[in-house]
Amino acid sequence: MTLLAIVSIALVSIALCLIFFRQFTSTLRTEIKARAEMFREMSAAQLMATWHAQSAFVPKDMRLTLIAPDGMVIYDNTVDAAKLGNHAERQEIRQAVAMGSGASVRYSDTLRQQTCYFAVRLPDGFVLRTAKTSDSIFALFGRALPPVAAVTLVFALLSHIAARRLTSRIVEPINAMRLDGEPIPPYDELTPLVRAIAEQRQRIAAQFANLAERTATINAIMDGMSEGTLLLDPRGTIVAANPSAGKIFGFTHPVTGKHILELLREPHLAKLARQALAGQRHEETIQRQDRDYRVYFSPVASGGAALLFLDITASRKAERLRREFSANVSHELKTPLTSISGYAEMLANGMAREADQAEFLAKIRDESGRMLALIDDILLLSRLDEEKTESAFAEMDITQIATETAAALAEKAAAAQVSVRIAGQENMLLVASRSLIAELFFNLLDNAIKYNRPGGMVEVGFSQEKSGGPIKLCVKDTGIGIPLAARVRVFERFYRVDTSRSKITGGTGLGLAIVKHIALIHKAEISLNSREGEGTIVTVVFPTSG
Ligand code: ADP
């Protein structure tokens, strides 16, 4: 606005000067022309005479020059004529000689002044010239400049102030506008802008909500994962870590922002992390806080890497148990087989005395019986391991199964001088596998008889607090009991408290392992209570659906 004011004032001033100057110059020309025309009909001699006689005729404000036809100046009212040179070549004189009159304008050396000339040819061939000097257009501009500049300055100042006021009147309401909620435009011209802002805000809010939802989903997945997860940016800084990863590394405070090498201090793991960041996949097993983890170092396509920690402790343990089991089985089978082959060898070579032969044969029978029992147990266990129970689940009265099992073991009990009693309610209905429950009773009763003392007692008790509720089964004996340290281990495969006694009683060491497995299949809880020298109680609680 200020610039516009300055330019317009300057242009208007220039235009006014020009118009004024033209007007002024044309007046000046008319004046000198009129004066020259006044003397047109007179001869040079007459003119001279008139001017001499009456100096009033000689104009004061105008220069008069009389020039002879040859160009010689013969009179000038302002300058000494003798000092003036030949004027024949002057433009206005040449025109006057040729056409009767002539005009021209000439500037002084400084250009500050201009002189207008008008010449007429007199009847006698002499030329009369009138001239008047005035300020040139440049001088006019020069004089007009200070006031114009002053006016321009004032207007520039005013327009500057006005522009400021106007700007603040436009801008201030915009700055003061509240953009939250439904923004109200302070004036109509802003309505489209305000509407666009409101729309933009809505779009951003929707995108933000979308993003927050996605982040929440990812966090929920990460937090819920039992696998430890660490996400690294391309420089190896941890950008995300889930609680499972926290547990593995034992940190309670957030590790995001830390470098991965602060967590993986082992040089070979640090190397794998670096290789993953460089785009190479790796797997490695590590130990942390007594647990085994399989770690997957995976590069991420968009840069960075993901580290996944899988807890493989259980599967490693299972694998170890399987290996141990195979070794144990071989060992357990080898012992009876060795004695069988020993006795058979002696019999075959005729090295056994006649009297001993019957005993050797009985030993072979007993040992092969043990082997068969062992193999039966192993087969049953491996079937249970496969979690395929051939006999389907059905509803049955388990007290009846207990009675049948006790009857099957009556002879053995009598031989050991142990009395077996089934107590408690009758008709305990349970949905279970008949053959497995029979196996369970068999093993528990067998143990209670085997590890008893002559004259001892075995009591099988059932109880159910409310119909449809859990069924509690107790097998109680008055036997030798189990030492405290062995109580947890008796459920392990091939574990025996007293190996020599087990040998005598013909135990395989698998009975309680089978019982535990069968209980597991029926989702039953098993517990053992014992007092050394007094007896043992094994309790199995079956949950019933009712
Ligand atoms: P086994 O075939 O040798 O009886 P089990 O798995 O049935 O194998 O039992 C493991 C060990 O637990 C036995 O060797 C025995 O030492 C001990 N045990 C089991 N039941 C009893 C019990 N009722 N009283 C005392 N000791 C027992």
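How much space lies in the largest pocket? About 890 Å³ lies there. A pocket is an open set of points on a 1 Å grid over the protein atoms alone, with protein on both sides within 12 Å along at least five of seven lines. Grid points are joined across faces, edges and corners, and a volume is the space filled by probe spheres set on the points. The model is predicted: local features need pLDDT of at least 70, side-chain atom pairs count only at pLDDT 80 or more, and totals for chains, interfaces and linings use all residues. Residues are numbered from 1 along each chain as its sequence is written, and side-chain values use heavy atoms, with hydrogens and water left out.

The largest pocket has 23 lining residues, where lining means having an atom within 4 Å of a point. L321, D385, R493, K516 and H517 lie nearest the centre of this pocket. Two or more lining residues come from each of α9 (313-348), α10 (354-385) and α15. Helices (H or I, at least four residues) and strands (E, at least two) are DSSP runs, numbered from the N terminus. Helix α9 gives the most, with nine residues. The lining holds eleven nonpolar, two polar and ten charged residues. Here Ala, Val, Leu, Ile, Met, Phe, Trp, Tyr, Cys and Pro count as nonpolar, Asp, Glu, Lys and Arg as charged, and the others, Gly among them, as polar.

The second largest pocket has a volume of about 740 Å³. Its lining has 39 residues, and D446, N447, K450, Y451 and G507 lie nearest its centre. Helix α13 supplies the largest share, eight residues. By class, this lining divides into 17 nonpolar, twelve polar and ten charged residues.

One cavity of 30 Å³ or more is found in the whole structure. A cavity is a set of points where a 1.4 Å probe fits but cannot get out. The space in the largest cavity is about 50 Å³. Among the residues that line it are E332, R370 and G507. Helix α10 gives the most to this lining, with three residues. The lining has three nonpolar, three polar and three charged residues.

Helices α13 (residues 434-450) and α15 (residues 511-521) also meet each other. Their axes come within 9 Å and cross at roughly 145 degrees. Axes are lines fitted to C-alpha atoms, for helices over the stretch in contact, and angles run from 0 to 180 degrees between N-to-C directions. Contact means heavy atoms within 4.5 Å. Residues of α13 in this contact include L436, L440 and L444, and those of α15 include L512, V515 and I518. By class, the contact has nine nonpolar, three polar and one charged residues.

An open sheet of five strands has the order β2-β1-β5-β4-β3, with antiparallel pairing. Two strands pair if DSSP finds at least two bridges between them. Strands β2 (73-76) and β3 (101-107) stand at the edges with a single partner strand each, so one side of each has no neighbour in the sheet. Neighbouring strands are turned by 20 degrees against each other on average, direction ignored. Five bridges join β1 (residues 63-67) to β5 (residues 127-135). Helix α1 (residues 2-38) lies across β3, β4 (113-121) and β5, at about 30 degrees to β4. Helix α3 (residues 91-99) lies across β1, β3, β4 and β5, at about 175 degrees to β3.
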